[in-house]
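Take a walk through this fold, one part at a time.

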Amino acid sequence: MPPQDEASVFVKFWGVRGSIATDGEEIMATGGNTACVEIRCGSHLLLFDAGTGLRKAGRSLAGEGIKTFNLFLSHSHYDHIIGLPFFAPLFDPDTQCAIWSGHTMGAMKTQALVDALLNPLFFPAGAGMFRAQVRYCDFLAGDVISPAPTIRIATARLDHPGGVTGYRIEFDGRTVAYLTDTGVRSHEARQACLRLADQADLVIYDCMYTEAEASERVEFGHSTWEEGVALCEGARAKRLALFHHAPERDDGDLAGLEQLARTRFIGAFAARDGMTLSL
Ligand SMILES: [Zn+2]
Ligand SMILES: [Zn+2]
């Protein structure tokens, strides 16, 4: 149970993997759910991405009696959206849920993205199965949005096939940057990451690859822990969460990468399913 203080900022990682959910004894300490992060600003519940981690988040948060949600999609690749039809609060008529996206730059509205995911060819029931009061919210990556008067969220388009939105969440003097699924080739995207991460208390960053791996897989649009460290140093951020771990990365691999990252940047750590932080 997180702190209930109106000024508290609480972060919980519900899913930290990229690409596809995974399981097995060798990944027990890290977890195998795909991207989903809760950022609780006072009493406001924000969720970033709807990967498989969203399922567990939904059951837990509904159990807490939470009835109002804002869910922000970085983009609509499967590993960031597949948990949506399994999000229990969407089946509660007393719940209000706003679903936000901006990565298509207006080419496809949020409601159309959800409808596409729930097309009968891919999923048995459409969005009509939801019983909650769902509000679909559209913005353009680069806009500043505000789901509540005390919360400011700056956004930017990063570098990923199909587009992706990076988020900077500001609340009561604390800042978290959520920067996942972004490549390392674009100067504009790097500059955007620096702006969004500027002096942040926490930067959650796409560390799918190592530098050696990234050079062979540039078309997938992912980054490295080395880039994450350079970003946090350049932005003078306090902590770096290595995030969006490759599915084949086991607990031992990840502990090794975490240790390496820490030798370069003391605030670095590997995000793991279930991990919580207070800022
Ligand atoms: Zn992804
Ligand atoms: Zn992606």
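Helices (H or I, at least four residues) and strands (E, at least two) are DSSP runs, numbered from the N terminus. The model is predicted: local features need pLDDT of at least 70, side-chain atom pairs count only at pLDDT 80 or more, and totals for chains, interfaces and linings use all residues. Residues are numbered from 1 along each chain as its sequence is written, while chains are lettered from A and ligands numbered from 1 in the order in which they are written.

Start with the open sheet. Seven strands make it up, in the order S6-S5-S4-S3-S2-S1-S14, and their pairing is mixed. Two strands pair if DSSP finds at least two bridges between them. Strand S6 (133-138) and strand S14 (276-278) stand at the edges with a single partner strand each, so one side of each has no neighbour in the sheet. From one strand to the next, the twist averages 20 degrees.

Now look at one pair inside the sheet. Strand S2 (residues 36-41) and strand S3 (residues 44-48) run antiparallel, joined over five bridges. Val-37 stands opposite Phe-48 in S3.

Helices lie across this sheet. Angles run from 0 to 180 degrees between N-to-C directions, and axes are lines fitted to C-alpha atoms, for helices over the stretch in contact. Helix H2 (residues 110-117) lies across strand S5 (96-101) and S6, at about 100 degrees to S5. Helix H1 (residues 53-63) lies across strand S1 (9-15), S2 and S3, at about 130 degrees to S1.

Which residues of H1 are buried? They are Gly-53, Leu-54, Arg-55, Ala-57, Gly-58 and Leu-61. Buried means that 20 or more other C-beta atoms, placed from the backbone, lie within 10 Å of a residue's own; exposed means 12 or fewer, and partly exposed is in between. These buried residues pack against S1, S2 and S3. Just after H1, Gly-65 has a positive phi of about 90 degrees.

Next comes the pair H3 and H5. Helix H5 (residues 225-235) packs on H3 at an angle of about 55 degrees, with the axes 9 Å apart. The two helices are therefore oblique to each other. Oblique covers what is left after roughly parallel (under 35 degrees), roughly antiparallel (over 145) and roughly perpendicular (65 to 115). Cys-193, Leu-194 and Ala-197 in H3 meet Leu-231, Cys-232, Gly-234 and Ala-235 in H5. Here, contact needs C-beta atoms, placed from the backbone, within 7 Å.

Terms used. Contact = placed C-beta atoms within 7 Å.
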